[in-house]
Amino acid sequence: RGGEPSVARPLMGTFKPVPVLEDAREGIDVIAYLSNTLFVGTRAGSVIRFTLARGDLPEELHGSAKQEAVVKLGRTAIEQLGTVAGGQPPAVVGLCGGNLHVMLPNLSSDGVKLATTVTAFCVRDDAELPAIAVSQKKKIILFQQTGPQGYQKLRELPSPGGEAAGCLVWSGQWLCGAFKKDYYLINEGDGSARDICRLDGRCAPRIKVLMNNELMLTTADNVGIFYMLEKLQPAPRSTIDWSKNLVAVGTSGPSYLVGATSSGEVVVYSIRDQKMQVPSLQVDPLRCLCDTGGRLFVASDRSVILLSPIPYETQRAKLLAQVRVTEALELLNANFPPEDPQRERQLQDFHFHAGWALFHDMQFPVAFQHFTFSPDFEIRHLLAFWTDLLPANWVAPPPMTRPQAPYIPEKAVPISEFIQSRLQVKQQSSVTPGSSALRTIVNLANESMSTFLRKQRMAILGDRRGTQAGGDAAAEAAKKEAMMRAIDTLLLKLLVAADDPKWRELLSSNVSCQLEDCEAYLKEHRRKDVLACLQHSCGQTGAALEEWSILMREGPGPGVELKLDPVHEMSAILQGIVLQGDDNSENLLTTYVPILFAVSPEAALQVFTGTAALPGVPGRQRLTPEKAMQILTDTGSTDLTRRYLEHLVFKTSVAEASQKTRLGQMYIEEIVARPADADDDYGPPLLCFLEEVDGYDLSPLLLKVEEKPRRLKRERVVLLSRLGRNEDALRILIQDLQDLARAEIFCLIRSRGQPGVEEHGRAAIFGAVPPQYAIPVAFPIGGAPEPAVVDGGKTSAGMPSSGLFLLFLRILLEACDPEKEKPVGMEAAAAKKAVLQLLKSYSYHPDLHPAKVLPLLPSSWPLSELATYFIQSTSHYLHEQRSLTFQEKLSSYEYLSTHSDWAEARGMSVSVTAERCCPVCNRRIMDKAFDAFPDGTCVHIQCSQDWSGKAARSAAAAGLDEP
C-alpha cells in the first residue's frame, strides 16, 4: 500500500461537534434522548424537555433545541435520567433524591413514583415488555410495564453483600452492578451473583454494554477492562487508560467507545484497533454523556453538544488527499469489520479512490496495483492520459464525477503535461519540459502503464472467450474489441519506446492493433524490425518479407542497433509459408528463398528442414517436396538439394521412391567425381543409405555403381544382395574384396532373411558390429585369433537351408582348383585352409550336408584332413535319423492305441425296453432321442444336462474325480 505508516501521522477526528443547546437557564447534570426529543436533568431537580429540528444533516440541528416542558422532581439534583423507547407508550425515568419517577415523554406531570431509597436503576428495552431494575439497600427490584405509566413488581433479587449498587446495567439475563468493593453479575432468573473484579473506591464506577455482548468496566485509576458475558470471563483485549477526570462513557456504533472528561476533552477509542484516536476533540468542560436513540450527546454546565460522526467517505477522501493510504485502510477496517456485508463493496471502492490518489501523487506502480483490484475502475479514463499514442478512431470517455475527491482528475491531459503540472505543485517552482526529473517520472509512468496493460489485456481476453451469442453480446464483444485495439496499440508503442523486448511476446500473441495505428510511429522511431513483425502479425506476409530482405541487405541505418537477426526472422516466416501451402506460398518462396540463400545457405535450407517445417503435422497443407526441390534446384546449389533429400529420407516418412533413388544417385555421382587416387573413406554415407533405406529403385543405382566397379565394390554387394543375386555378391566379397568374415556375415544375415524371417533382413552387412546371430565363428572380424576348439557349429543345426554356405564353399573350392584361374592374391593353400575351417565351423548346417559336400571335394585331398568334419556331421545326421525313426514308432503306437479305444467305444451298446424310464423326468424313453452314459444310465436329451450336473455333485460328495 502507498502512503506513510500510521505511526508517522495520527488518525483524523471521528466526530464533528454541533451545539444544539446553549445558555441553559439551569445547570445541567444528566441528559437523555428519545425520538428527536432531548431531556435535560438539572442540579435544581428539574427535568426539561427540548425538541430538536427534524433533519438528516447535523448542521440542521445546530441551535435548534426548543424548550417544550419542565417538571420538578425535587429540591436536589437529578441523579440519573433514562428513557424507555419500547414502552407503550414510551416513558422517561428520572432519579432525584432517592425517588424514582416514571413520566410520559410530554412531561405533563412528575409521573408515577415507582420506588424510594433508590441508588441506581437501569432499563431493559430490548424485550417484549420493557422492564426497569431498581437498586436499593439489600435488594434489587425488577419492575415490568403493564400499561400507560403502569409498572408491576416482577421479582426481588438479593444484593451481593447486602449493599446498594452505585451503577447498574442490564444485558440479556445478566444484571451488572458496581457495589462497594466489587463488580458483580446477577442472574435475573435465580438471583445468583458472580464476582467480576475488584472496584477502586477512589474512582467512580463506569459500566458500558457493548454491541458484541461484552461489558466495559472502569477499575483503579480509570483503567477500562473488557468482560465477555457469553463466556463469563475477561475478554482478550488490551485495557484502556481513560483520563483521571472521566465523567461518562458511551458508544458510537459497534466500533467506538467515547469518553467525556471534566476538562472538556472527548476521547475516542477504537474497539477493533484497540487504541485511542488522537488528537481528541476539545469542547467546554463536560458533566455527562448520552448515547441512546442512535445519537451521541455531551453536555457541559449550560450547553448540550451533538457529536455527529463524520461520514466515512469524507474521512477517507481527506486521508487519501494527503496520500495517507495506510490510515485510510485502517479507517475502512474500523468501520467495516470482516463480518460486515458491506465490506467487500467498500473495499473495492477504496481501491478505486486509493489508485487515483496515488496516481495524483505520481506513485504510478502502486496506483496501478490498486486499479487492478477495483471492478469500478474504467480503464478508458486511464488510457486518456496517453491519447497521442492511441488509435485515430479512439473515442474519449466522459469525465468522471468527483464526489469529495479532489485527487480524481476532472479532465485527462497528456501524461507528460500532467506530471509536469504535478511537479510544479510539489516543488512550487516551474519545471522545464526537458528536465531530468520530468523524464524520469514519465519513464516510470510509461513502464508502470505497460505492466498494467499486460495484465489487463489478459483479463479482457479471458472475458472475450466467455462471451455468449446474441445482440447485446455482439455489442459487448465489439466494445471489448475496440478496447483491445487501443490497449495493444498503446502497449506496443510503450514497449518500443522503452526498448523492452516484451514487444516481441506481444506480437506473437493474438494482437488486436492494426498496422495503420502503429506504422507511422514505428517509422518515426526507425524500428523497421518491429514494423516487419507487426506486418507479419497482421497477415501481410509479403510486406514483412520485403522489409526483412531490405534490412538484411542494407542494414537498419546509421546509429540504429538492430535487436533481431533478419536472416533468422526471414527463415522463420518462410518456414510458416511452407506449412501453409496456399496458392501464394510458392510465389513467395520462389522470390525470397534465393535472396536468403545469397546471404545464408544454411538458413535457406532451414526453411524446408527446420522444426516448424517438419512433416507429420495433421490438419495442415504443406508445400509438396517436388515444389521444394524445384525451388532449391533453382538456387543452383546441389549441396542444398542433397541435404533436403537427406532430410526427407532420414527424418521424415514422406519421401517417395524417386526421391530416394535421386539421393542415391547424387551420392554415387559425388563419389565418381572424386579423383581416382582418393581415399576410399569418402564423405557421403552411400553405403549406410543403401543398407538402411528401403523403397528406392535398385536397377538405376546398380547401373551407376557398375560404371566404377573397382571403387564401389561394397555398394555392389549390397545392391546385388537386395536384387537376390547372392552368388555375384559372394564372389565380390570372396574374390574381389577377399573379406571372408564379411562373406560369412553375409551368409548368416541372408539365411535369416529368407521368407518367414524377414525381420532380420535389414541387418547391415558392412556394419561395424554385426548382429548377435551373425557374429562370424569361422573367420573372425579384424584378424582375431581362430577358436582353439571348434564345436562344429551346433547352433547352426537349426538354421534354415538357404544354399548360401554351400555356394560359399563352392567359390572357395574354385580357388583351390589349379586348373582354374585364381583370383588375385588368393592362394590355393589359403583357400584350402578356408574350406576346412568353414566345414569344421558349420558341420551341422543344413547347407553343408555330407551328401552335398562330398561330390564337391577334390579327390586328391587326404581323408585325414576332413576327418573332423565327417565325424561331426555323420554323427549328427545319424542321431537325427535315429530320432526320426523313434518318433515314427511312437506315432504309430499312439495311432494304434487310439484306434483300439475308438473300436471299443463303438462296440458299446445299451438296451432300452418299453418300461425303461428317464431318471430325471421319470417318463418312459420309448422311441425318443436319449443320451447314454458310461455307467449305462439313459436319459432324454433334454434332461441330459440336469443329469450331468446331478451326477457331478454326487461324485464330488463321494470324493470321485468323475461321475
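1. Strand 20 and strand 21 (residues 233–234) run antiparallel and are joined by two bridges; strands here are DSSP E runs of at least two residues, helices are H or I runs of at least four, and both are numbered from the N terminus. Two strands count as paired if DSSP finds at least two bridges between them. Met228 sits opposite Gln233 of strand 21. The two strands make a hairpin with four residues between them, and Leu232 in that turn has a positive phi of about 55°.

2. Before going on, a word on provenance: this is a predicted model, where local features need pLDDT of at least 70 and side-chain atom pairs count only at pLDDT 80 or more, while totals for chains, interfaces and linings use all residues. Residues are numbered from 1 along each chain as its sequence is written, and side-chain values use heavy atoms, with hydrogens and water left out.

3. Strand 20 has other partners too. Strand 19 (residues 214–218) pairs with strand 20 (residues 223–228) in the antiparallel sense, over five bridges, and Thr218 has Gly224 as its bridge partner. This is a hairpin with four residues between the strands, and Asp221 in the turn has a positive phi of about 60°. Strand 22 (residues 240–241) also runs antiparallel to strand 20, joined by two bridges. Gly224 turns up again here, with Ile240 of strand 22 as its bridge partner.

4. Val30 is placed opposite Gly41 of strand 3. In the loop between these two strands you'll find Ser35, whose phi is near 50°, a positive value in a residue other than glycine. Ser35 counts as exposed because its relative accessibility is 56% (buried means under 20% relative accessible area, exposed over 50%, partly exposed in between, with a 1.4 Å probe and protein chains only).

5. One for the backbone check: the peptide bond between Gln88 and Pro89 is cis, with omega about 0°. Pro89 lies in the loop between strand 6 (78–84) and strand 7 (91–96).

6. Now the helix pairs. Helix 1 (residues 312–321) packs on helix 2 (residues 325–335) at an angle of about 165°, with the axes 8 Å apart. That angle makes the two roughly antiparallel (under 35 degrees counts as roughly parallel, over 145 as roughly antiparallel, 65 to 115 as roughly perpendicular and the rest as oblique). Helix 1 contributes Tyr312, Gln315, Arg316, Leu319 and Leu320 to the contact, and helix 2 contributes Val325, Glu327, Ala328, Leu331, Leu332 and Asn335; contact means heavy atoms within 4.5 Å. By class, that is seven nonpolar, two polar and two charged residues (Ala, Val, Leu, Ile, Met, Phe, Trp, Tyr, Cys and Pro count as nonpolar, Asp, Glu, Lys and Arg as charged, and the others, Gly among them, as polar).

7. Helix 12 (residues 541–554) and helix 14 (residues 585–599) cross at roughly 20°, and their axes come within 11 Å. That makes helix 12 roughly parallel to helix 14. On the helix 12 side the contact involves Thr541, Gly542, Leu545, Glu546, Ser549, Met552 and Arg553, which meet Leu588, Tyr592, Ile595, Leu596 and Val599 of helix 14. The class tally for this contact is seven nonpolar, three polar and two charged residues.

8. Finally, two residues around helix 11. Arg526 is in the loop between helix 10 (515–524) and helix 11 (528–537); its phi is near 60°, again positive in a residue other than glycine. Arg526 is partly exposed, with a relative accessible area of 42%. Asp529, in helix 11, counts as buried at 2% relative accessibility. Leaving aside neighbours within four places in sequence, Asp529 is in contact with Trp503, Trp548, Leu551, Leu562, Lys563 and Leu564.

Technical notes. Axes are lines fitted to C-alpha atoms, for helices over the stretch in contact, and angles run from 0 to 180 degrees between N-to-C directions.
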